[in-house]
Amino acid sequence: MTYLIIDDEPIAHKIIMEYCDMLPHLTLQKNCYNALEALEYLNTNHVDLIFLDINMPKLKGFEFLKTLTAPPKVIVTTAYSEFAIEGYELNVQDYLLKPFSFERFLKAVNRVMGSDTMTKNIASEETDTAPKRLFLRQNKSYIQVEVDRILFIEAAGNYTKIVSKTETITIREKISEIFETLPSEHFIQVHKSFAVAIRHMNKIDGNRIHIQDHAIPIGKLYKANLIKILNA
């Protein structure tokens, strides 16, 4: 995934680049220190993702964004919280308030990776069936997981278990935060403590979903929605 940084502060470029260097699927295309420089670059080049500051000289971040007819995915990086609503009206993927941690940065990138449009962009460089990926923090390391291999996720207190075809990863995140990063057309929450991959469901037996050798409970509040989706 190629990216562009647009920010008038050199320290912001340094931090974002250091974070991106920890994620091997991100490739820097250019550092731009004002929006006009970025416009000139984008006239002849394509990127998948922009890290965009708001308060810049010459042309503000959102003013720049409004000039683009087909903008890439955008993650806003700013010290100003009051523009968040406007940002989401412009369909930005996430809104990071400076200073932001690597964990928060990672959530924003995972959100971009989980979108359908982004998957198509990645597929153009790989194959049409290229899997979406998440980077998950486990202790002091970061593990890459292919979304297509995830069977289900399970809440375990302040932790969440991600159960895939080959392994179980336990991370210190709430299930709601992980579920938010997964493609909604492929995953469904079936219990307050469980969300499952629809494609890996083998059968539904009473109030249980069977996935390989796992039996997942179906909560009363979720059963009607599950049946509705399966019958659509």
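A disulfide is a covalent bond between the sulfur atoms of two cysteines. Here it is counted when two cysteine sulfur atoms lie within 2.5 Å. A search of the whole structure finds zero disulfides. Cys20 is in none.

This is a predicted model, in which local features need pLDDT of at least 70 and side-chain atom pairs count only at pLDDT 80 or more, while totals for chains, interfaces and linings use all residues. Residues are numbered from 1 along each chain as its sequence is written, and side-chain values use heavy atoms, with hydrogens and water left out.

Next, the cores. A nonpolar core is a set of buried Ala, Val, Leu, Ile, Met, Phe, Trp, Tyr and Cys residues joined through side-chain atoms within 4.5 Å. The largest one has 22 residues. Leu4, Ile6, Leu42, Ile50, Leu52 and Phe64 have the most contacts inside it. At least two residues of this core come from each of β1 (2-6), α2 (35-42), β3 (49-52), α3 (61-66) and β4 (73-78). Helices (H or I, at least four residues) and strands (E, at least two) are DSSP runs, numbered from the N terminus. α2 gives the largest share, four residues. Another core, of 21 residues, lies apart from this one; Cys20 is among its members, as are Met1, Phe51 and Val112.

What does Ile50 touch, leaving aside its neighbours within four places in sequence? Contact means heavy atoms within 4.5 Å. Ile50 is in contact with Leu4, Ile6, Leu42, Phe64, Pro72, Lys73, Val74 and Ile75 on that basis.

Now the sheet. Two strands pair if DSSP finds at least two bridges between them. Three strands form an open sheet in the order β13-β14-β15, with antiparallel pairing. β13 (203-205) and β15 (214-217) are the edge strands, each pairing on one side only. Three bridges join β13 to β14 (residues 208-211) in the antiparallel sense. Ile204 has Ile209 of β14 as its bridge partner.

Last, Asn31, which lies in strand β2 (residues 27-32). Beyond its neighbours within four places in sequence, Asn31 is in contact with Ile5, His13, Met17 and Glu37.

Note on methods. Buried means under 20% relative accessible area, exposed over 50%, partly exposed in between (1.4 Å probe, protein chains only).
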